[in-house]
Amino acid sequence: MIIAKCIANLLSAVCQLPTAELPPVRCQIQSWTMVREFIVRSELKIISNSRRNMYQRFIDDPSAGPSSTVAMTSGELEPSSLKSTTSKSSCEKTSAHNFLHAKKTSGRKYTVSIVLICIWLFCTIVLMAKQERKVDDVHQVTLAPNETKTQIIYKNHMPNTNKIQLILAGAFMPDYYSTLATHFFNIWIEFDPTEEYDMPSKLGLKYEDMHQRNITQIWSIPIVSESLVEVVPEMHHNKIFKLFSNVTLRGDTRLCMNTTLSTNFPISFTYDLFPINTEYGIIYAALVLIGLYVLIITEVIHKSIAAILAATTSISILALLDERPTKDELSSWVDIETLLLLFCMMVIVGILSETGIFDYLAIVAYKETKGKIWPLINTLCFFTAIVSSILDNVTTVLLMTPITIRLCEVMQMNPVPTLMCIIFYANLGGALTLIGDPPNVIIGTNKDVIASGIDFTTFSLHMGGGLVFIFIAVNLHLRFIYRNMQDLKFTEPSNVTELRQELAIWQKAASSLSSYSKEEGVVRDKLLRKCKTIFSKLKDTLKGFKVDVLPTERLQSYDESIKDFLNKDSPLDKSLLWKCAITLGFVITLFCLHSFPQLNLSLGWIALLGTLLLLILADHVDIECVLGRIEWATLSFFAALFILIGALSELGLIEWVGKQTEVIIMSVAKEYRLSVAIILILWVSTIVSSFVDNIPLTTMMIKVITSLSQNPELELPLPPLVYALAFGGCLGGNGTLIAASCNMVCAGVAEQHGYRMSFVQFFKVGYPVMLGSVVIATVYLLVTHVTFGWNT
């Protein structure tokens with residue numbers, strides 16, 4: 001029970017120390033330092049260097065506690081019940097093994113540090129040497145009828161490159177109307193030699209074509225009729241021209257363009273003489289992505305630092321290719337709406353936790369399910385899925401995680417497995433509606449999707465049929481994985497687990513205080529001594545000594561703990577609760593209405609307005625304490641991930657995935673194209689979105705599926721492809737810990753409560769669940785859209 005109180009209000013727990021040990025000072029909470037997991041198979045390791053330095057301070061203080069050793073070997077932490085009486089020789093072997101293990105660990109640490117420093121040096125040198133790329137000049141011209149206008153792009157000689165990128169903007173016809181076009185805009189590149197050359201082969205041309213001097217193919221783009229030139233909105237086209245020759249010759253390289261219109265046609269364009277070579281860019285992008293996952297899986301550094309390092313490396317690679325993005329471009333890659341939504345909802349949930357509502361809801365849930373584990377888990381999961389279909393799944397997880405952790409603590413269960421179940425159902429519930437998950441919002445706002453007749457009701461009806469089967473399958477799958485009820489509980493005695501949790505909490509308290517003032521320094525030293533005392537008790541407990549490590553109330557039985565929980569007299573702060581209810585009512589109502597075009601508010605703005613309303617109403621709330629509970633590490637991880645995905649897109653990785661998907665579908669026989677398209681889009685979007693963020697993937701794939709449906713040769717209906725993409729983008733979020741926003745948010749909140757969810761732990765459960773869900777979605781889509789032709 002003390003652990004729950006420490007989590008709810010850590011500083012109040014600090015102030016409960018005897019006055020002789022801890023003088024009263026003004027408590028100041030800063031963002032918690034993320035604490036590594038201490039225990040791996042009954043082995044407590046102090047991993048963070050800052051933690052080692054912290055412990056060293058109170059090791060040198062003889063008054064800090066009974067033990068003078070903090071760093072322990074696995075043998076020291078092994079419970080006495082598992083130890084056998086050993087001879088002197090076996091003890092020597094154990095000591096030798098521990099020495100070799102420590103030496104191996106130390107060597108691995110130095111190797112990792114050297115590799116990371118090398119990467120840092122590479123980024124530093126490249127970013128110092130390379131400037132930001134200059135913004136390409138925008139050229140605006142007006143083409144007269146029957147006129148070919150030219151623009152010199154390279155003077156006196158042919159450019160020493162084999163590619164030139166052109167970006168055009170004008171009154172072009174949309175792709176889905178291109179077959180109706182009667183007028184075209186033509187553009188090409190030609191070389192105008194200043195000398196006579198006897199060998200046309202130098203230009204890569206045949207002798208009879210020498211008079212044309214074209215060094216690229218002619219690019220023809222459908223344009224609107226004369227009456228619509230000044231009416232239709234501006235559209236953009238992007239193309240990389242491959243030059244016929246890159247031999248350096250004297251002459252001018254010109255960009256030539258004309259139209260078939262009988263009136264003037266305005267157009268703007270930019271060009272890049274040295275675009276990124278995507279063939280190498282894809283390889284570089286894949287290596288960076290693999291490196292990120294290696295760092296996260298091996299956990300050699302914190303995932304937020306790993307993401308920042310990967311993002312910096314990707315930008316350095318772009319700089320090395322002379323495509324270093326500007327600060328404005330970097331800012332445009334960051335999804336400010338998502339970060340604003342996360343930040344504001346964290347503030348609201350932080351204030352809401354002060355009302356005591358989470359304990360109250362946990363008691364209600366326990367009474368309704370009569371304390372049975374699986375009915376309780378199912379209730380939490382299905383309630384999460386329902387709420388996630390109405391709200392976004394990030395908000396849902398922020399609300400449900402504290403309740404779940406509180407229930408698991410009372411029932412002496414490990415919260416991590418139950419939280420993973422919550423995450424799975426949050427992602428599944430978000431797939432049900434057009435507002436439940438960011439990929440669905442992107443799909444639902446696409447004009448081609450709207451034109452195909454897919455609205456809120458139609459989308460939910462098609463997705464709901466498949467999700468019913470997926471819900472049942474996931475529930476059975478989880479029941480099979482956790483068929484042994486002990487897997488839902490802690491693997492060690494409750495007193496040991498609680499000591500570990502309490503040690504982590506006191507560590508966070510000490511880390512949150514600086515030494516800027518004398519009072520804070522005194523409090524911090526007292527907290528370090530407290531950590532030392534708890535650490536010594538934990539060490540002695542694991543050695544098998546009987547130490548009074550727990551107060552009387554924490555030595556009570558399971559039944560007594562449940563009884564105390566149900567009879568707990570913790571009245572709700574009704575005044576603050578009403579203020580939070582008004583704020584949440586405002587936020588949830590606007591969340592449900594934000595898809596209406598008349599409401600000019602995004603999710604981020606709605607959350608921000610709700611946060612401001614709550615801060616005004618609850619004016620007595622200590623803003624520093626509220627900000628101290630924000631998951632800054634999670635927010636920094638997402639910001640770095642957005643920049644990384646933007647850099648990977650610039651390197652061509654995501655576009656390459658879309659093009660390969662389109663090529664495979666085009667190569668299949670006509671009668672099988674719909675089946676292959678559904679399977680390919682579903683599985684590609686699922687697998688890719690389980691490793692990269694699903695927002696840029698959905699943005700790219702929605703263009704792929706609309707272009708496929710608009711191709712008259714393929715004759716593919718758009719709705720089946722839309723539902724395949726929606727299933728893939730949302731189901732892929734269950735694959736890995738960093739696949740979806742709500743996964744990382746839930747893991748961050750759990751870590752703030754002292755429970756760590758590792759990448760490998762999530763992957764072992766989540767990826768099989770994801771694969772099983774995708775198999776069911778595949779069968780459902782093939783039966784409904786291929787067999788029965790339900791494409792309306």
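Predicted model: local features only at pLDDT ≥ 70, side-chain atom pairs only at ≥ 80, totals over all residues.
Strands of a sheet pair through backbone hydrogen bonds, and the pairing may be either parallel or antiparallel.

Within this sheet, strand β3 (residues 163-170) is paired with β6 in the antiparallel sense, and the pairing extends over 8 bridges. When neighbours within four places in sequence are left aside, the residues in contact with lysine 242 are Asn162, Lys163, Ile215 and Thr216. The C-alpha atom of lysine 242 is separated by 8.9 Å from that of glutamine 165, although the two residues are 77 residues apart along the chain.

A further set of pairings involves strand β7 (residues 251-259), of which 9 of the 9 residues are buried, so that this strand is largely enclosed by the rest of the structure. Strand β2 (residues 149-154) is joined to β7 by 5 bridges, and the two strands run antiparallel. In this pairing, tyrosine 154 has threonine 253 of β7 as its bridge partner. Strand β4 (residues 183-193) is likewise antiparallel to β7, to which it is joined by 9 bridges, and asparagine 186 stands opposite asparagine 258 in β7. Strand β4 is also joined to β5 by 5 bridges, again with the strands running antiparallel, and here the bridge partner of histidine 183 is isoleucine 223 in β5. Of the 5 residues of strand β5 (residues 219-223), 4 are buried, so β5 too is largely enclosed by the rest of the structure.

The description now turns to helices. Two packed helices are described by the angle between their axes and by the distance between those axes. For helix α11 (residues 373-390) and helix α12 (residues 393-410), the axes come within 9 Å and cross at roughly 165°. Since an angle over 145 degrees is classed as roughly antiparallel, α11 and α12 are therefore roughly antiparallel to each other, and the crossing of α11 past α12 is right-handed. On the side of α11, the contact is made by Leu376, Leu380, Phe383, Thr384, Val387 and Ser388, while α12 contributes Asn393, Thr396, Met400, Thr404 and Leu407. Sorted by class, the contact of α11 with α12 comprises 6 nonpolar and 5 polar residues, with no charged residues.

The residues that make the contact are Thr338, Leu339, Leu342, Phe343 and Met346 of α9, together with Trp632, Leu635, Phe638, Ala639 and Phe642 of α23. In this contact of α9 with α23, 9 residues are nonpolar and 1 is polar, and no charged residues take part.

Two loop residues have a positive phi without being glycine. Asparagine 146 lies in the loop between β1 and β2, and its phi is near 55°, a positive value in a residue other than glycine. The relative accessibility of asparagine 146 is 79%, so this residue counts as exposed. Aspartate 322 is located in the loop between α7 (303-320) and α8 (327-333), and although aspartate 322 is not a glycine, its phi is positive at about 60°. With a relative accessible area of 51%, aspartate 322 is exposed.

For the protein chain as a whole, the secondary structure comes to 29 helices and 8 strands. Of the 792 residues of the chain, 52% count as buried. Among contacts between residues at least 6 apart in sequence, 84% join residues that are at least 24 apart.

Technical notes: Residues numbered from 1 in each chain as written. Heavy atoms only, no water. Axes fitted to C-alpha atoms, helices over the stretch in contact; angles between N-to-C directions. Parallel < 35°, antiparallel > 145°, perpendicular 65-115°, else oblique. Left-handed = near helix turned anticlockwise from the far one by under 90°. Contact = heavy atoms within 4.5 Å. Nonpolar A, V, L, I, M, F, W, Y, C, P; charged D, E, K, R; others polar. Pairing = 2+ DSSP bridges. Buried < 20%, exposed > 50% of the residue type's maximum accessible area, 1.4 Å probe, protein only.
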